[in-house]
Amino acid sequence: MKKICAFLLVFSGLLLLSQVKIVHAKPARMLLDITDIQGLRKNQLVGYGLVVGLDGTGDKNQVKFTSQSMVNMLQQFGVTLDGRTDPKLKNVAAVTVTADIMPQAGKGQLVNVTVSSIGDAKSLRGGTLLLTPLKGIDGQIYATAQGNLVVGGIKAQGTSGSSITVNTPTTGTIPNGAVIEREIQSDFIEQKDVILNLKRPNFKTARNIEVAINELFGPDVARAQGQHRVAVAAPTDARQRVTFMSMLEEIEVELGRTKQRVVFNSRTGTVVMGANVKVRKAAVSHGNLTVTITESSNVSQPNAFGQGNTVTTPESSIYIEKGENPMFVWPEGTSLDVIVKAINSLGAAPDDLMSILQSLHEAGSLEAELVVI
């Protein structure tokens, strides 16, 4: 009897377990990782300057603005050149200087700058940027930059004209090379509401943000205003608002369902697909037609006593090869791993992979959004 009861208990337990649904946890992210705060953003600066100290790799004589800029700079130090004199400046290059200022950055703080050649300089390696004012979109000077460049690229050239270039030698950086001279004003503290802009707009995510904030601070503190933004009532006192924002940083929010993406980089041939990209049932066939043309020259020379001339006749050899790749059938809900293995088995290059996925998307079989960068 005891054995029968024990068997019934085990059987009933297994029956209950079989009826339990496994619930997968939804992805959760920190609030400020998925939103931007309106009024707190980077500000871009740009300036025009001169890089000196180059080892003969600067702008050539035909770049007139480099010479003119150097003459203007020398005049500021009391050096006057004859207007007919054209200084030959092989060690100087005209450059643009760019920098990003973080929100609410104060005077005296240092920021990184990027220096790029705008003339025909071969390399900026070993150069020094002279004092350059950096302006904002309003034309006001917000920072000044100066210092020695760090260049990751290099270019070498032989006397015969052959050369080799590694990375980009005409662009460099100066870590902490700019000093902020003027603060960029922000009305973040004065605003009644803190506006949270979603980095990836989604109605469900906006609703979850509203619910999570209201559960912590009380009803009607957060108000979703669409799929793009959420308005949050916040204290206007500076110290209280800092405390309020620090509490917002600790809130975790469940993300709404978003479309999976397949990203193509048309410049490098890189293809990146999300782990949940799937395809509906589809048949795929991919074949390449390779045409190879080889050019060669034949020399026709008459005999020793002939009166003819030696001539060169061209000869072309054309070879056509057609790939014999079979058609693949992908079943419903095929995962990323199966897609990659099947396409690799076809011997497809990244460009071919782009074509295949684009065709699947046009056929309505790819459950993802195509993004080309």
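Tutor: The model here is predicted, so local features need pLDDT of at least 70 and side-chain atom pairs count only at pLDDT 80 or more, while totals for chains, interfaces and linings use all residues. Residues are numbered from 1 along each chain as its sequence is written, and side-chain values use heavy atoms, with hydrogens and water left out.

Student: How do you know that the length of α4 fits a helix?

Tutor: Helices are DSSP runs of H or I with at least four residues, strands are runs of E with at least two, and both are numbered from the N terminus. The expected span of a helix is 1.5 Å times one less than its number of residues; for the 15 residues of α4 that gives 21 Å, and the end C-alpha atoms are 21 Å apart, which agrees. Just after α4, G218 has a positive phi of about 120°.

Student: Why is E210 called buried, and why is R207 called partly exposed?

Tutor: Buried means under 20% relative accessible area, exposed means over 50%, and partly exposed lies in between (1.4 Å probe, protein chains only). E210 has 13% and therefore counts as buried, whereas R207 has 46% and therefore counts as partly exposed.

Student: How do you know that R207 and E210 form a salt bridge?

Tutor: A salt bridge needs a side-chain nitrogen of Lys or Arg within 4 Å of a carboxyl oxygen of Asp or Glu, and the closest N and O atoms of R207 and E210 are 2.3 Å apart. Both residues lie in helix α4, 3 residues apart, which is about one turn of the helix. An α-helix has 3.6 residues a turn, so residues three or four places apart point the same way.

Student: How many salt bridges are there by this rule, and what does R223 meet?

Tutor: The count comes to 2, and R223 meets D193 in one of them, at 2.7 Å from N to O. Because R223 lies in strand β12 (residues 222-224) and D193 in strand β11 (residues 193-198), this pair ties together parts that are 30 residues apart in sequence.

Student: Why is the aromatic pair of F217 and F244 called tilted?

Tutor: Rings of Phe, Tyr and Trp (its six-membered ring) pair if their centres lie within 6.5 Å, with planes under 30 degrees apart called stacked, over 60 edge-to-face and the rest tilted. The centres of F217 and F244 are 4.7 Å apart with 45° between the planes, so the pair is tilted. F217 is in helix α4 and F244 in helix α5 (residues 238-249), 27 residues apart. With 26% relative accessible area F217 is partly exposed, while F244, at 7%, counts as buried.

Student: What makes R182 a charge over the ring of Y142?

Tutor: The rule asks for NZ of Lys or CZ of Arg within 6 Å of the ring centre and within 35 degrees of the ring normal; R182 lies over the face of Y142 at 5.6 Å from the ring centre, and 5.6 Å is within the distance limit.
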